[in-house]
Amino acid sequence: MPDDLYERHMTAHRTLTAHRTDCSACRSQQTCPPGKRMVESFTRLQDAYLARQKNKRD
Ligand SMILES: [Zn+2]
């Protein structure tokens, strides 16, 4: 079974990294509104992924 949550969290990370490379606001630590949404999306997916990893171990 493909690890969909892992893929989505990695995709969100790639999207955020690519945006930060191109966005002068985000490069100077002034996260723009689209950048902020990407950070929130990535954080949410990462939390869900890490929480699931934790549950797997227990
Ligand atoms: Zn930005």
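User: Which helix holds R37?

Analyst: This is a predicted model, in which local features need pLDDT of at least 70, side-chain atom pairs count only at pLDDT 80 or more, and totals for chains, interfaces and linings use all residues. Residues are numbered from 1 along each chain as its sequence is written. Helices (H or I, at least four residues) and strands (E, at least two) are DSSP runs, numbered from the N terminus. R37 sits in helix α3.

User: Is R37 buried or exposed, or in between?

Analyst: A residue is buried if 20 or more other C-beta atoms lie within 10 Å of its own, exposed if 12 or fewer, and partly exposed in between; C-beta atoms are placed from the backbone. R37 has 13 other C-beta atoms within 10 Å, so R37 is partly exposed.

User: What separates the C-alpha atoms of R37 and L16?

Analyst: Along the chain, R37 and L16 are 21 residues apart.

User: How far apart are the C-alpha atoms of A48 and H9?

Analyst: A48 also belongs to helix α3. A48 is partly exposed because it has 13 C-beta neighbours inside 10 Å. H9 is 39 residues away along the chain. The C-alpha separation is 8.9 Å.

User: What is the C-alpha separation of R44 and T21?

Analyst: R44 lies in helix α3, residues 33–57. R44 has 13 C-beta neighbours inside 10 Å, so R44 counts as partly exposed. R44 and T21 are 23 residues apart along the chain. Their C-alpha atoms are separated by 21 Å.

User: Which pattern does the protein follow along the sequence?

Analyst: The protein has three helices and zero strands. Read along the sequence, the pattern is α-α-α.

User: Where is Q29, and is Q29 buried or exposed?

Analyst: Q29 is in the loop between α2 (24–27) and α3. Q29 is not a glycine, yet its phi is positive, about 65 degrees. With 6 C-beta neighbours inside 10 Å, Q29 counts as exposed.

User: What radius of gyration does the protein have?

Analyst: The C-alpha atoms fill a box of roughly 40 × 20 × 15 Å along the principal axes. The radius of gyration is taken over C-alpha atoms, and the globule rule is 2.2 Å times the number of residues to the power 0.38. A compact globule of 58 residues would be near 10 Å, but the protein has 13 Å.

User: Which element has the highest mean pLDDT?

Analyst: pLDDT is the predictor's confidence in each residue, from 0 to 100. The protein averages 92, and 93% of the residues score at least 70. Among the elements, α3 has the lowest mean, 93. The highest, 96, belongs to helix α1.
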